[in-house]
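Subject: The model, and what turned up in it

Hello,

Here is the structure I promised to pass on. Please have it open while you read, as my notes follow below.

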Amino acid sequence: MTDAALTVAVQGELGSNSELAAREYFDGRDVDVLPCRTFADLFSTLDRRGAEAALAPVENSLAGSIHEVWDLLRERPQPVCGEIRLRIGHHLIAPPGTRLEDLRRIRSHPQALAQCREFLDGLQEVQVEPVYDTAGAVMMVKAEGRSDEAAIATAQAAEDNGMQVLVADLAGIHNFTRFLVLGEGTGSGGSPKTTVVLEMDHSAAGLPAVLGQLTRAGLEVLKVETRKRAGHPWAYLVYLDFAGDAGSEPVAGALREVAGLVGGLHVVGTYPAGIAAEPRLYPR
């Protein structure tokens with residue numbers, strides 16, 4: 001434990017889910033949260049050592065994987081020291097006195113809009129506008145002060161900006177986002193797990209052989225997802241999580257075998273398995 005504040009970069013403004021994830025993961029530490037406008041900016045901040053750690057969302061329980069982040073993990077590798085699964089509370093937030101029936105535009109991050117699609121589809125004559133951040137959307141709505149606009153964001157963002165929550169938990173209670181904690185340092189949590197990205201040339205037909213190799217090595221596969229590799233005809237990327245440490249046997253041996261079965265293998269990192277967390281309101 002150190003008395004010095006830890007600088008943690010997140011994508012989005014203060015009040016975003018990424019900020020809440022950072023504060024939950026580093027609970028008990030003095031943390032300075034550094035907002036970044038884009039995921040690419042977040043990785044650039046780590047590259048130039050503008051922050052000691054960063055939170056990168058990789059998948060959501062409702063909307064699926066965040067492919068932009070997976071691409072950055074593959075193309076601009078960073079040390080991974082941990083993970084956290086944060087329950088996401090998406091709330092419809094508007095200036096005080098706004099009525100639900102008067103809304104004509106709702107703003108939020110594309111991921112939040114996707115996770116709240118069922119609610120949004122039930123509204124009539126309401127324009128949906130994607131913006132760079134959930135908390136940033138609340139700031140926009142507050143600045144414009146219109147009674148026909150709202151944002152989807154956290155309760156923290158509503159509290160920070162003196163706005164009202166019109167409807168709470170738009171995506172339900174089973175909405176979780178998994179964040180990887182990037183940066184140097186020792187993580188905290190459970191037993192080690194490893195994340196890799198595979199490049200499968202021409203087809204995903206070789207995937208059963210890969211999974212068979214992991215099974216023969218006695219490794220528990222925790223996640224497998226295929227994704228079309230943009231710009232490469234009939235080629236795929238595969239996201240894999242499995243229990244074990246990539247730096248020790250039998251995992252290291254299994255990965256050597258897998259490397260001979262695929263077009264490319266990128267080890268994102270080995271880190272302690274994280275736990276689920278509930279977001280809290282933080283005093284400013």
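Before anything else, a convention: contact means heavy atoms within 4.5 Å. Axes are lines fitted to C-alpha atoms, for helices over the stretch in contact, and angles run from 0 to 180 degrees between N-to-C directions. Helices (H or I, at least four residues) and strands (E, at least two) are DSSP runs, numbered from the N terminus.

This is a predicted model, in which local features need pLDDT of at least 70 and side-chain atom pairs count only at pLDDT 80 or more, while totals for chains, interfaces and linings use all residues. Residues are numbered from 1 along each chain as its sequence is written, and side-chain values use heavy atoms, with hydrogens and water left out.

Let me start with the four-stranded sheet. It is open, with the order β13-β14-β12-β15 and antiparallel pairing; two strands pair if DSSP finds at least two bridges between them. β13 and β15 (264–272) are the edge strands, each with a single partner, so one side of each has no neighbour in the sheet. From one strand to the next, the twist averages 15 degrees. Inside the sheet, β12 and β14 run antiparallel and are joined by eight bridges, and T194 has F242 in β14 as its bridge partner.

Helix α9 lies across β12, β14 and β15, and runs at about 160 degrees to β15.

Helix α8 covers residues 207–216, and its buried residues are L207, V210, G212, Q213 and L214. Buried means under 20% relative accessible area, exposed over 50%, and partly exposed in between (1.4 Å probe, protein chains only). What do these buried residues of α8 pack against? They pack against β12 (192–200), β13 (221–228), β14 (236–243) and α9 (251–259). Just after α8, G218 takes a positive phi of about 75 degrees.

The two helices deserve a look as a pair. Two packed helices are described by the angle between their axes and the distance between the axes. For α8 and α9, the axes come within 9 Å and cross at roughly 160 degrees. That makes α8 roughly antiparallel to α9; angles under 35 degrees count as roughly parallel, over 145 as roughly antiparallel, 65 to 115 as roughly perpendicular and the rest as oblique. The crossing of α8 past α9 is right-handed, where a crossing is left-handed if the near helix is turned anticlockwise from the far one by less than a right angle, and right-handed if clockwise.

On the α8 side, V210, Q213 and L214 meet A254, E257 and V258 of α9. Sorted by class, this contact has four nonpolar, one polar and one charged residues. Here Ala, Val, Leu, Ile, Met, Phe, Trp, Tyr, Cys and Pro count as nonpolar, Asp, Glu, Lys and Arg as charged, and the others, Gly among them, as polar.

**Strand β3**

Next, have a look at β3 (residues 53–60). Eight of its eight residues are buried, so the strand is largely enclosed by the rest of the structure. Two bridges join β3 to β1 (residues 6–11) in a parallel arrangement, with A9 standing opposite A54 in β3. With β11 (residues 176–183), β3 runs antiparallel over seven bridges, and N60 has T177 as its bridge partner in β11. N60 also has a bridge partner in β4, namely G64. Two bridges join β3 to β4 (residues 64–65), again antiparallel, and a hairpin of three residues connects these two strands.

**The five-stranded sheet**

The order of this open sheet is β8-β7-β9-β6-β10, and its pairing is mixed. Its edges are β8 (127–130) and β10 (164–167); each has a single partner strand, so one side of each is left without a neighbour in the sheet. Here the twist averages 35 degrees from one strand to the next. β7 (residues 105–108) and β9 (residues 149–153) pair in the parallel sense over three bridges, with A150 in β9 as the bridge partner of I106. Helix α6 (residues 134–144) lies across β6 (91–94), β7 and β9, and runs at about 160 degrees to β9.

L72 lies in helix α3 (residues 67–75) and is buried, with a relative accessible area of 9%. Leaving out residues up to four places away in sequence, L72 touches F39, A40, F43 and P77. L72 and F39 are 33 residues apart in sequence and 8.2 Å apart in space, C-alpha to C-alpha.

Happy browsing, and all the best
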